[in-house]
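Subject: Structure for you to look at

Hello,

Here is the structure I said I would pass on. Please open it first, and then read the notes below it.

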Amino acid sequence: MTIELHTWNTPNGRKISVALEEMGLPYKVVPVNISKGEQMAPAFLAISPNNKIPAIVDPDGPGGKRVSVFESGAILLYLGEKTGKFLPVPLAERIPVYEWLMWQMGGFGPMPGQVHHFIALENETDRAYGLKRYMTETLRLYGVLDRRLADREFVAGALSVADFAILGWAWRHERHKVSFADFPNVGRWYDALMARPGVKRGMEAKLD
């Protein structure tokens with residue numbers, strides 16, 4: 001059964017293509033061109049009522065029934081549960097996966113996303129305040145991640161869906177104007193992940 005990945009070439013979309021590749025799940029990309037407003041189409045809203053990409057449709061969901069899932073964090077948890085991969089079973093081991101996945105969803109995504117917005121504005125006055133505010137917080141979050149990775153290979157111990165979630169946004173570090181020279185532990189983690197064949201396939205998958 002092939003999973004449909006409704007997405008576009010964004011950090012949140014890359015989280016899911018990487019996870020699908022790492023988990024060895026067959027999937028096909030259904031592009032949703034957000035620059036043309038395709039995320040507002042009724043067919044897409046039926047599976048993603050918040051009109052945001054990505055969303056998936058799994059024809060072989062629980063009980064063998066078709067299921068759709070929206071929100072990238074929810075998708076990662078669903079896929080981890082479905083496959084038993086990158087989501088540990090013992091609760092004690094699962095707690096840091098939850099923590100770092102929520103850290104990404106609540107901060108390391110929304111904040112760099114605001115940097116993307118303000119850095120693209122042409123009016124310097126409009127740019128300056130927003131860029132200073134969100135760049136400061138983005139750098140703080142990179143620092144949190146760097147300290148976390150100082151004594152461990154991956155954010156939650158073993159490689160998990162939390163790493164895939166964070167990687168989707170770290171992939172855009174150059175657009176954030178962030179150098180890994182300032183965050184060497186993040187750089188080491190990033191290079192190790194990007195060297196994985198599944199991650200490489202997920203990053204190279206055509207999503208648009």
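Pro54 sits in the loop that runs between helix 2 (42-45) and strand 3 (55-58). Helices here are DSSP runs of H or I with at least four residues, strands are runs of E with at least two, and both are numbered from the N terminus. The peptide bond joining Ile53 and Pro54 is cis, with omega at about 5°. Most peptide bonds are trans, and most residues other than glycine have a negative phi.

Before the rest, two notes on the source. The model is predicted, so local features need pLDDT of at least 70 and side-chain atom pairs count only at pLDDT 80 or more, while totals for chains, interfaces and linings use all residues. Residues are numbered from 1 along each chain as its sequence is written, and side-chain values use heavy atoms, with hydrogens and water left out.

Glu71 lies in the loop between strand 4 (67-70) and helix 3 (72-83), and Phe86 lies in the loop between helix 3 and helix 4 (91-106). Glu71 is partly exposed, with a relative accessible area of 32%. Phe86 is buried, at 18%. Buried means under 20% relative accessible area, exposed means over 50%, and partly exposed is in between (1.4 Å probe, protein chains only).

Leu91 is in helix 4 and counts as exposed because its relative accessibility is 56%. Leu91, Ile95 and Tyr98 form a nonpolar patch on the surface, with about 270 Å² of accessible area together. Such a patch joins nonpolar side chains (Val, Leu, Ile, Met, Phe, Trp, Tyr) within 5 Å, from residues with over 30% relative accessible area and no salt bridge. Areas come from the Shrake-Rupley method with a 1.4 Å probe.

In helix 5 (residues 110-119), the buried residues include His116 and Phe118. The buried residues of this helix pack against helix 6 (124-148) and helix 7.

Which residues does Arg172 contact, leaving aside neighbours within four places in sequence? They are Asn9, Thr10, Pro11 and His116, where contact means heavy atoms within 4.5 Å. Arg172 lies in the loop between helix 7 (161-170) and helix 8 (184-194). Arg172 is buried but has no salt bridge, and the nearest side chain of opposite charge, Asp208, is 8.0 Å away. A salt bridge needs a side-chain nitrogen of Lys or Arg within 4 Å of a carboxyl oxygen of Asp or Glu. For charge, Lys and Arg count as positive and Asp and Glu as negative, with His and the chain ends not counted.

Regards

How values were computed: Patches are made of residues with over 30% relative accessible area and no salt bridge: like charges are joined within 9 Å, nonpolar side chains (Val, Leu, Ile, Met, Phe, Trp, Tyr) within 5 Å.
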